[in-house]
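Hello,

Here is the structure I promised to pass on.

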Amino acid sequence: MKKFVSLMFAATMVLAVACGKGKEAESKEEGEDDQAPQTASAPSTAGSAAPAATAAAAPVSADAATLAGTVKFEGAAPKMAAIQMGADPYCQSQHQTPVQDEEVVVGPAGELANVFVYIKNPPAGNYPAPAAPVTLDQKGCRYYPHVSGIQVGQKLSIKNDDATLHNVHAMPSVNSQFNEGQPVQGMVADKTFDKPEVTPFKIKCDVHGWMKSYMAVMPHPFYAVSAPDGKFTIANLPPGTYTLVAWHEKYGQQEQSITVAPKESKAVSFTFKG
Amino acid sequence: MRTGEAWTGEARTGEAPVLHKDGPNSVKPQEPIPHNYPMPRLNAIFAWSALGLLFATGLMVAYDYVRGWKWFQVEFLRIQQQRIEAELTAAQAAANKDQLKALDEQIDQQTMAIAAHRNQYLIAQKELDRQEGRHYAADEDYRFAKAVLDAKRYEAEAANLQKASDRAAKQREFEAMTKRVNDLQLILQQVTRDRDAAKERVNQWLKKIDDAEAKKKDLNAQIDLLTKQLETVDLKRPNNLLLNLPMLDFISPTLKIDQVVLPDLFVDVNYMHIPRVDRCQTCHRAIDRPGFESKKEAARLSAELQKKLDTYQIAAEKRKDTEARIAQLKRIQDAPEDILNPWRTHPRLDLFVGSASKHPLLEFGCTSCHHGQDRATEFGRAGHVPPNPKMEHRWKGTWNVAHRQWGWEENEFNESPMFPRQYYEAGCIKCHSNQVQVNTETDRRTAPGKVAGDDVTKAMQTVELYGCYACHKISTWRFTDLRKPGPDLTGIAEKTTPEWAVRWISEPHDFRSTTRMPSFFYQRNMIGPYVPAGEKAQNIRNQNAEIHAIVAYLFAKSTHRVWQAPPSAGDAARGKALVESVGCLACHVQSEQIKDEKTGEIRLARRDDYPLERNYGFNFTGVGTKTHPAWIYNWIRNPKAYYSEAPMPSLRLTDQEASDITAYLMSLQKPQFMMKRVDAADPKAVHDLAKGYLLNTMSDVDAEAKLKSMSMNDQLVYLGQRSIEKYGCYSCHNIQGFEGLKPIGTELTIEGSKALHLFDFGFVHKYQHESGKTEEVQHNVPSWIYNKVRSPRVYDDQRAKGYNDKLKMPNFHLSEEEARLITMVVAGMTKDMVASNRVAAMDARNRLIEEGRKRVSQHNCRACHIVDGSGRAIAALISDTNFLPPDLTPEGGRAQSPFLFNFLKDPTTMKIRPWLSVRMPTFHFDDQETNALVAYFANEAKAPMFDTTRVANPPAQNIAIGREVFTMLRCSQCHSTAPVNPENPPVPDIANAQSLAPNLTLARVRLRHEWIPDWIRRPGEMIPSTRMPANFPHDNETGGFKSPLAGAIDTPAFATQKAALLPYFHNDEKELRRTMSDAVALTDYLRDYIWSIGIKEMRPAGEGGVTVTPLPSMPAAPAPKTGALEKAPRPVGAGKALPVGVGQAPPPVPGFRPTK
């Protein structure tokens, strides 16, 4: 009996050792079932890179630079058609002279308005949404502004200043679409977007086919829209090298790489060809 | 030592008495017992063998103890432990330390306070003890007395009944006892009050401590739970160690085989059905546990849940849980390592395996879908099948966990190995073969990308589209009662020329790269790399002879109706515009050239460049070369006139439109096709092949004699008939003389259950596919099928077969994906029996729905419409969503059945969206088919087919209120309310940017009464991206709807309306305001108003607006003439090529001459 017990003990020990070895092997084990193990380490490196993006919010540093740029248009500016507002007498009554389409707005010296400019690779940091809302106004059956940006989580106030029905049909591809009617003058609808969508999407009114606006949802505050004089400003930019993107609803997008030094006021320019 | 001496019984018995001679008290030393063998050695042998046996037993125990599955369980426990420990650390870190500290302080303070007033506390405690004692005594007295009372009552009752002498005494005793019990009860009540008061006094001291302890417990609940969980998963804990010790692990081990018994989904073990016992979870530990998803699945799932949250599809009370789940999934995505199989959670727990899903683990198990050996617990024996050769190679390596090698061996005797990964969905077919669309419950609007089940649905649709069922009988509901996939050939001579037909049959893909007509001739086993040169030349001659023979037969048997020529020449440019706008391109593609999305190069189009729906009709390329204007003109006017079962509907083209389209289609020429070299049939080949057939029934001499008596053309026609029989052309096409023949191919109804050894793999392991890719044939059924459909003649490689014995299955030139889908269906069709309660869609309602869906698929409705959330192939061609055909997903709940019936029969009865240039075609549905569709829509929406709401007459007051609301919401800005002719309402001025919305006077006959208000409230949920705005947006706080009129009714802009409305609310402003903020009430009023302005009747269905052209006249039997083939440029000699039709226009039309 004694022998048996001791043998049993020995067997258990052997097993325990075997199991222990098994454990070692387990901990080494990695690799997707689909792939050979050697190539499977990629996801883990990707995972470890993630926390870097969630570093603490960068306060506006004293070194912050400012980008002041202009957008130019080269070539003959296309003539924009006059909008026929005859379908809705109210809209027509709001304008003494015919209204031009806003697709391409070029100034006298070839300044291009309504170009959305943003930093593609923002400096690391958290950018909480500003408390002040972005407003989108419907007035005289047009959208004001025609192109705009909003931060993720920032409130968008859509206002109808017209005594006619507008519907606000936002057509983002990443965020949720919405389509709300605003039959009453002075109505305000509040919306937020919860995911970044840096390429501007269309917001349209199905009642008035000519009404279009574009909006981008940004994960950071480094963006601007060129004014009628073609100028735009991006402030509070920490020094560094960035890719600057300019987007136009008709002429697509352009990129350029810029480096800003501390406290620099950097001039940049984009040129779209017609 | 008496080694070597033989042991005998006598020797022993002889000596025995000697031992006892001197009696028991003898002190004489005992003589050693004499042995015939050496004892010490024997002892040693016994000892060693005992040790050996013990060792063997030990080995057996060890062998029994160390099992592969245990390793997987141990590993899973490690993963769990790791995770729980991480969560525990997180929970401890997150624990509100300040609060806990405050609570501890509270407890300490109170303890101090008690200590400070120890005397008072002790007095109170003593008093409580005394009161407790009194209470106990009083309670006992009362209970005893009550028991005695019951006895006394019985005694009194018994005495009374028996009229006993002492009954008066007994009665008195009973009454006295009753009084005593009442007194005791009063005492008890008093004592209880005293006791409670004393308790309260003590509690004043203890309450604070108790409260703090309870709060602490709440705060630590999560940590406690995790600690408890940790105890169960940590194998190093003594109790877990003990329970899993060898020899002890029979009691209650924590490592054990898990199984689920499934009596409904039996295993067929020949002559007997036994319950399925699935043990897969023994290793696949987390299969039904959320939280062990792969990163990919976690990303998909969190996106889906987020979308559901965003679109209000999750009940308010479940939002919190959903958010917690999303957070968990985010943690999985952020974790450094991905969880690997077999420890992953099954994807889509909402559909599979999850207890709340349609296929819970306890009811469906695993092998009922995946196949495999249900009771096995070892990797190889379970029937895992590697999806590709690379993985097979890896699996086969000796067990090495780090390299994920499992020591896998192929098991040929496993009757149902698992489906390899790319064919997982084959398992669905067993129970879902009664369905057209496998999964309609998942909301496509919230599920990003492909929905589970889409692959099976598409696979079955692919099998339907390619017409596999035509040659291979498939006796499931899905693939029976379908039309022949190929066009009718009984009138081929009216449509095209023999010259064209010969070239077409030789290689259809040369004419159209996207055609579904497969290539029968000049395939791999005829001219491929393994065919000897001499045989190859003969094969080419034979194939060419067969092609000519088939064409000769078809044209000889064809009818010769004469079709009326287009009345005017037509304008090709206008025709092109029409083709692009009226909807032809929903089913047809008009070009063979396509710009490659990846390389940007222009290349030949493939079928999979387009959605299945757009492959439904043929590609227009070269149609002008194939046929002639008269045929096109009449065909597009009314396809049913040419062929009564033509799948093409009529678009109600006017004479001019039809002429224009004819002109355009005739302009699509492909002259180079007609210049393709074609040899004339080699007379010897024709003769030999024909003789081969004749020899089956007659002698050599008779056959020769018979052939001599036949002209060359007769021989061709005879050989043609035999060849059509051989290749089974009649399975897909209507051909005169082949009516009612059985399909040519193997029946596929239970092909998936066919044993592996019944598949002829030939000598093929690896081969070069026609695309240039090297394919490997794995030794399993799905791989065989895949390569069969990809390269149908490949198993003839290096085989020595006679000409007529070679494989005949034609080459469809399937893409890898198409082949995968078709393989999925074929492999999934098994003989497995399933209890009827497990088969999908078997109830009456679902049968009606599926019948309808089958028609939707047959008539290709999805080419234009979204049905059940998917479809609308035409959307790729129409950029402005205003001009797309309607989304029919909510149609059943939307349209009244009588309207739908009328409209489907004859779309000219109502023009709902007159601005659309795409036309709803007239399909010439018969009544039965129309009913099937109407029943489908209604049942799908769970709406009654017929109801009485149509005649509802809303009260005048509702109408009046509705009219005001209608004005205030400015509905008329888009919707006209002017009466119109439903058959031809005015087309709004599109150029003037007028918004396009249906005329509301047509709503009453068309829309369901209850649907109108629902639609007004939530249009975007019913049809995403509809232009109808949500006038009553969701209110996140209440879960209801917000009304834009809630505050606005008091604004000066609506003063008139307010004045008009007030009388209807008894001039009660409060009531008016309440109603104006009630979205449900407002939309009901709107509906009542819309109802009141609607027309009440529509025209019954007529001919569907198709002008019935007079039937073409049958000319007198065409004069016998030499066949067109012989008329065509005659080849100079066999084997010598001569381009046919060089510099010649195709023969004039109409009136093709048949070969005779």
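Let me start with a helix pair in chain B. B:Lys295, B:Ala298, B:Ala299, B:Leu301, B:Ser302, B:Leu305, B:Gln306 and B:Leu309 of H9(B) meet B:Arg319, B:Thr322, B:Arg325, B:Ile326, B:Leu329, B:Lys330, B:Ile332 and B:Gln333 of H10(B) (contact means C-beta atoms, placed from the backbone, within 7 Å; helices are DSSP runs of H or I, at least four residues, and strands are E runs of at least two, numbered from the N terminus). The axes of H9 (residues 295-310) and H10 (residues 319-334) of chain B come within 9 Å and cross at roughly 155°. The two helices are therefore roughly antiparallel (an angle over 145 degrees).

This is a predicted model, in which local features need pLDDT of at least 70 and side-chain atom pairs count only at pLDDT 80 or more, while totals for chains, interfaces and linings use all residues. Residues are numbered from 1 along each chain as its sequence is written, with chains lettered from A and ligands numbered from 1 in the order in which they are written.

Also in chain B, helix H32 (residues 781-790) has 10 of its 10 residues buried (20 or more other C-beta atoms, placed from the backbone, within 10 Å of a residue's own). Its cover includes strand E8 (774-776) and helix H33 (816-828) of chain B.

Please be careful with chain A: residues 1-58 stay under 50 in pLDDT (the predictor's confidence in each residue, from 0 to 100). The average for chain A is 79, and 78% of its residues score at least 70.

Best wishes

Terms used. Two residues are in contact if their C-beta atoms, placed from the backbone, lie within 7 Å. A residue is buried if 20 or more other C-beta atoms lie within 10 Å of its own, exposed if 12 or fewer, and partly exposed in between; C-beta atoms are placed from the backbone. Axes are lines fitted to C-alpha atoms, for helices over the stretch in contact, and angles run from 0 to 180 degrees between N-to-C directions. Angles under 35 degrees count as roughly parallel, over 145 as roughly antiparallel, 65 to 115 as roughly perpendicular and the rest as oblique.
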